[in-house]
Amino acid sequence: MLIEDDKFLCRAYNDGLDRAGYEVVIAYDGGEAVKKIRDEKPDLIILDLILPIKNGFDILEEIKQDDDLKKIPVVILSNHGQDADIQRGKELGALDYLVKANFSMKEVVDRLQDVFARSAKKG
Amino acid sequence: MPEKLRQFFIQFIIFFLAVFPVFITGYIRLSEIETHFTRLVIEYKQAGKPLDIVLADYEKSHRNFIFLYGFLILGNALLALFITLTLNSFFKNKRHLKEYIAQIKKLNEKLERKIIEKTFELQEKVQQLERANKAILNVAGDLEESRAKEEHEKIKIGTIIKSIGEGLIVMDEHGIITMLNKAAEELLGIAQKELVGQRFEDSIEMENEKGVPLIVGQHPVRRVLISNHTPAVSGKYTLVLKNRDKIPIFLTAALVRNKGTTGVVGVFRDISQEQVIEKTRSEFVSLASHQLRTPITAVKLFSEMLIDEAVGPLNAKQKQYLSDIVISIERMVKLIEDLLSVSRIDSERLKIQREIIDIESFMKSIVKEIKNVADQRGCTIDVKQTCEEKSTRVFIDQKLLRQVVSNLIMNAVNYADKEKEKRIIDILITCATNSYVKKIIPEKSYNKILPVEKFYVIHIKDNGIGIPKKDHYRIFEKFFRTDIAIKTIPDGSGLGLYIAKLLTEAMGGTLTFESEEKKGSTFYVILPMVEDEREG
């Protein structure tokens, strides 16, 4: 599940992830995000932080409080790169924090595979 | 008529008047008596009476007559005499009066003469005085003119001082306040009379710009007074008012010498407004940079996917163009990173997280990271350590130091000499004392370094393009690049050294350099040796 409000980035990541072999579902704002997660139950959540209606941190908190959803691995993909944000994200349970501008599509895919591997180990 | 004759005449009249009637009446009476007695005698003779009684009566009458008229005459004479004496006395008085009057007249004339004389003298004296007065007035006029000029100057300076928006405090050579201007009173919220006679350091509470109370040696007034060659110290401080409000100020303390007396003049202004503007600007840069990242990311991702031929094959030229696009994007991304760094440093949202690291191994790890690029450019990097301190462990923020050192090493690599043999970069770690450090850094950096005793100095030396002398003073400016640097590396941001300097200063150290055009540069990263307060 990709939660991202910029349409262009959505298309780029959608295409890239699709070509890498993933099935991508997209939520465009914080309002529909949690509902869609409940409906779709994705294997991985890629979460942007700056979103309309509800921001990424709030969504993360909500997911982690829901017994059904808290097991889903979350990766934050945002353009905010401040240490404070990274720390908060990790404290709230995100398994990784990527700054969009610094990662090419290939690198993003590699990191996602790392996260999958890690969460698979956790079982 | 002569006075005496008149008097005599009057006296004669009086006597005559007094005595003559008595004579007349006496004569008449006597005549009566004679007549009477003659008749009587005749009668008696005729009558044949004895004449004894008549003669006795006649003698009696005569006796009575003599007594009476004698008495009257005497009386009148005495009266006349009395009157005469009175008149005489009167006349005498009159005469005396006349004499007195004459004397007085004479005296009067004498007096008048004397008065005229004296008046004349006085007039002369007055004239003299007037002349003297004129002379004095002239001098006074000149004095008045220069006094007026002085007064005017004083008013002018007073007005200037009063109206200076900045606070002005004048102190003597002991740092004791002698004068404040109105702006200072208003900013401090203390009346002048309460501060005059007090030492600045004791009466006005000041902290450094981060809100840490000043250690005694750091107070700008004291520093200016005890220094032999620092004419002025300026910087940002925090004023703590009596009501505990804190105001950020920019203060300059300058030593003033005038004919043997020394004093200190402090000028300061409230920079909270400036800080608000800075903050707003910083926030704008930050926001703009963040917003820029999103579209840039989109371009980058799509370009990369195109280059990877993920959506179809490309000819060589297409690949070339896309490759150029990706490189440009990378530059933009780096620029935004730098802008964000700068805005964070400017707005002091920088948090320093210190940890104990070993400098030597730290440097070596950075060199290892850069090794690829260095090798590509044919540069060799050499790390040495000659610190006498037993350990090279520093209590420092690793991330920030990494940013600083990487930046400087990359510069050395980028601007290295063209000849292969000269592309050597020497990195040396040494220790230095506070006084040694003060010798190699410019004076305006003194108040930026932590006042500790010992420092680490990381020397990063290259033999590259160097910095021309005329550009030395600008080298740490935002966006500044020397002409030769632009030629060598066209797409630098000009922010590297600015950020590096600010980061070292944020850690309580400083950054300085030596450089000669075409010969090379040595940059010195100076870091204070700080104890880890968490330990014991």
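Glu505(B) is part of helix H13 of chain B, a helix that covers residues 496-506. The model is a predicted one. With a relative accessible area of 12%, Glu505(B) counts as buried, because the cut-off for that word is a relative accessible area under 20%. Leaving aside residues up to four places away in sequence, Glu505(B) touches Lys448(B) and Thr510(B).

The helix around this residue is mostly covered as well, since 9 of the 11 residues of H13(B) are buried. Glu505(B) is one of them, and the others are Gly496(B), Leu497(B), Tyr498(B), Ile499(B), Ala500(B), Lys501(B), Leu503(B) and Thr504(B). The cover over these buried residues includes two helices of chain B, H8 and H10 (398-414). It also includes two strands of chain B, S12 (510-516) and S13 (520-528). After H13(B) comes Gly508(B), which has a positive phi, near 85°.

Asn181(B) is in the loop that runs between strand S2 (177-180) and helix H3 (182-188). Is Asn181(B) buried or exposed? Its relative accessible area is 2%, and Asn181(B) is therefore buried, given that the word applies under 20%.

The side chain of Asn181(B) has polar atoms placed by the backbone of two other residues. One of its polar atoms lies 3.1 Å from the backbone oxygen of Glu166(B). The side chain also reaches the backbone nitrogen of Leu168(B), at 2.9 Å. Glu166(B) and Leu168(B) are among the residues that Asn181(B) touches, when residues up to four places away in sequence are not counted.

The next step is to view chain B as a whole. Its secondary structure consists of 13 helices and 13 strands. Chain B has 536 residues, and 35% of them count as buried. Taking the contacts in chain B between residues at least 6 apart in sequence, 64% join residues at least 24 apart. The accessible surface of chain B is about 33,800 Å², and carbon and sulfur atoms account for 59% of it.

Chain B also meets chain A. The contact draws on 18 residues of chain B and 21 residues of chain A. Between them the two chains bury about 1,700 Å², with 56% of this area on carbon and sulfur atoms.

What does the rule find across the interface of chain B and chain A? There is 1 salt bridge across it. This salt bridge joins the side chains of Asp308(B) and Lys106(A), with 3.9 Å from N to O. The interface of chain B and chain A also has 4 residue pairs in polar contact, both residues being at pLDDT 80 or more.

On the side of chain B that touches chain A, the elements that give two or more residues are helix H7 (272-307) and helix H8 (316-346). H7(B) gives the most to this side, with 10 residues. Sorted by class, this side of chain B has 7 nonpolar, 3 polar and 8 charged residues.

Note on methods:
Residues numbered from 1 in each chain as written. Chains lettered and ligands numbered in written order. Predicted model: local features only at pLDDT ≥ 70, side-chain atom pairs only at ≥ 80, totals over all residues. Heavy atoms only, no water. Helix = DSSP H or I, 4+ residues; strand = E, 2+ residues; numbered from the N terminus. Buried < 20%, exposed > 50% of the residue type's maximum accessible area, 1.4 Å probe, protein only. Contact = heavy atoms within 4.5 Å. Buried area = accessible area lost by both parts, 1.4 Å probe. Salt bridge = Lys/Arg side-chain N within 4 Å of Asp/Glu carboxyl O. Polar contact = N/O pair within 3.5 Å; in protein donor to acceptor, adjacent residues only side chain to side chain. Nonpolar A, V, L, I, M, F, W, Y, C, P; charged D, E, K, R; others polar. Areas by Shrake-Rupley, 256 points an atom, 1.4 Å probe, with all protein chains shown as cover.
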